[in-house]
Amino acid sequence: MGEDSCVLVTSQGGVASTSFIRALEKTMESSSFCINDDADRDGFKHLPPTWYDHNSTHVWREMKRTNVVGHMHRVIVIVGDPIHTIESTYRRFGLKHIDKLMHGASLQKYPRDTTLLDIYQDIADTGTDTTSIVNYVTSWRDASLDTANWPDILLVTEHMLLNSALQYARWIGVDEGDLHNFADMSFDPSLQHETTVSVGNEDLAYKVMEVFKPVFELIYSLNNDELETEEEVTT
């Protein structure tokens with residue numbers, strides 16, 4: 001990988017992308033690639049692929065941790081429970097994170113006084129994901145299949161990323177001498193992100209879960225593929 005190459009680690013939010021990016025940042029002095037910012041100061045961490053032109057260097061000029069300006073070389077997309085993303089980010093940041101996802105899909109942001117119940121009610125009433133998590137996940141999945149027009153893209157869950165951190169670090173191109181930054185990473189089952197809709201009634205929760213079914217199906221498929229791979233390795 002040349003020094004004009006950049007790696008994007010992107011996520012829908014609330015799925016452990018920060019810890020992995022920070023580990024990558026520790027390798028920057030000896031690595032020959034640039035990465036996006038762990039605190040999203042460059043604004044690249046939660047955008048769908050429609051915002052990127054991987055053939056154009058201008059996309060990467062705002063990277064804060066390096067002066068390197070390069071082409072997107074590889075992408076890791078971290079996906080997870082969409083209800084956890086909404087509940088966790090709303091609790092910590094209010095509408096700030098959801099606004100980022102909606103902005104990425106060119107959707108008008110919610111008014112400042114929007115409550116969590118308002119968001120779920122809007123999703124249930126319209127039968128669409130107004131937060132744009134479904135758009136984020138499915139558009140990255142489609143980009144990963146479009147190998148003629150996109151670089152290497154891997155979709156992973158938090159479970160996959162943390163339990164195979166060394167493998168993904170090598171895939172990105174981290175030097176062997178820097179792999180110790182990833183050696184202690186592992187998924188903590190006690191922190192399993194499976195969240196239920198915390199407000200409203202059962203009918204509302206059911207309608208919301210139905211809207212997010214494409215995301216849940218993709219997560220199940222990714223985790224199931226990982227389990228089958230682990231079984232093949234151990235037998």
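The largest nonpolar core of this predicted model has 63 residues, and those with the most contacts inside it are F20, Y120, W140, F182 and V208. A nonpolar core is here a set of buried Ala, Val, Leu, Ile, Met, Phe, Trp, Tyr and Cys residues joined through side-chain atoms within 4.5 Å. Buried means under 20% relative accessible area, exposed over 50%, and partly exposed in between, with a 1.4 Å probe and protein chains only. Helix α5 (residues 133–145) contributes six residues, the most to this core. In soluble globular proteins, nonpolar side chains tend to be buried together.

Two sentences cover the conventions. Residues are numbered from 1 along each chain as its sequence is written. The model is predicted, so local features need pLDDT of at least 70 and side-chain atom pairs count only at pLDDT 80 or more, while totals for chains, interfaces and linings use all residues; side-chain values use heavy atoms, leaving out hydrogens and water.

The protein has nine helices and four strands, in the sequence order β-α-β-β-α-α-α-α-β-α-α-α-α. Helices (H or I, at least four residues) and strands (E, at least two) are DSSP runs, numbered from the N terminus. Of the 235 residues, 50% are buried. Among contacts (heavy atoms within 4.5 Å) between residues at least 6 apart in sequence, 73% join residues at least 24 apart.

Helix α4 (residues 116–126) has L116, I119, Y120, I123 and A124 as its buried residues. Seen down the helix axis, they fall within an arc of 130 degrees, so they line one face of α4; the arc is that of the directions from the axis to the C-beta atoms. Their cover includes α2 (82–93), α3 (96–104) and α8 (202–211). V208 touches Y120, I123 and A124, and also I83 and V197, not counting residues up to four places away in sequence. After α4 comes G127, with a positive phi near 70 degrees.

Rings of Phe, Tyr and Trp (its six-membered ring) pair if their centres lie within 6.5 Å; planes under 30 degrees apart count as stacked, over 60 as edge-to-face and the rest as tilted. There are two aromatic pairs by this rule.

| Pair | Centre to centre | Angle between planes | Class |
|---|---|---|---|
| F20 and F182 | 5.4 Å | 55 degrees | tilted |
| W140 and W150 | 5.9 Å | 65 degrees | edge-to-face |

F20 lies in helix α1 (residues 17–25) and F182 in the loop between α7 (165–172) and α8, so this pair ties together parts 162 residues apart in sequence. Both F20 and F182 are buried. W140 is in α5 and W150 in the loop between α5 and β4 (152–157), so that pair ties together parts ten residues apart in sequence. W140 is buried at 0% relative accessibility, and W150 is buried at 15%.

The charged end of R74 sits over the ring of W171, 4.9 Å from its centre. The rule requires NZ of Lys or CZ of Arg within 6 Å of the ring centre and within 35 degrees of the ring normal.

M28 belongs to the loop between α1 and β2 (33–35) and counts as buried at 17% relative accessibility. M28 touches F33, C34 and I35, not counting residues up to four places away in sequence. The C-alpha atoms of M28 and V174 are separated by 9.0 Å, although these residues are 146 apart along the chain.
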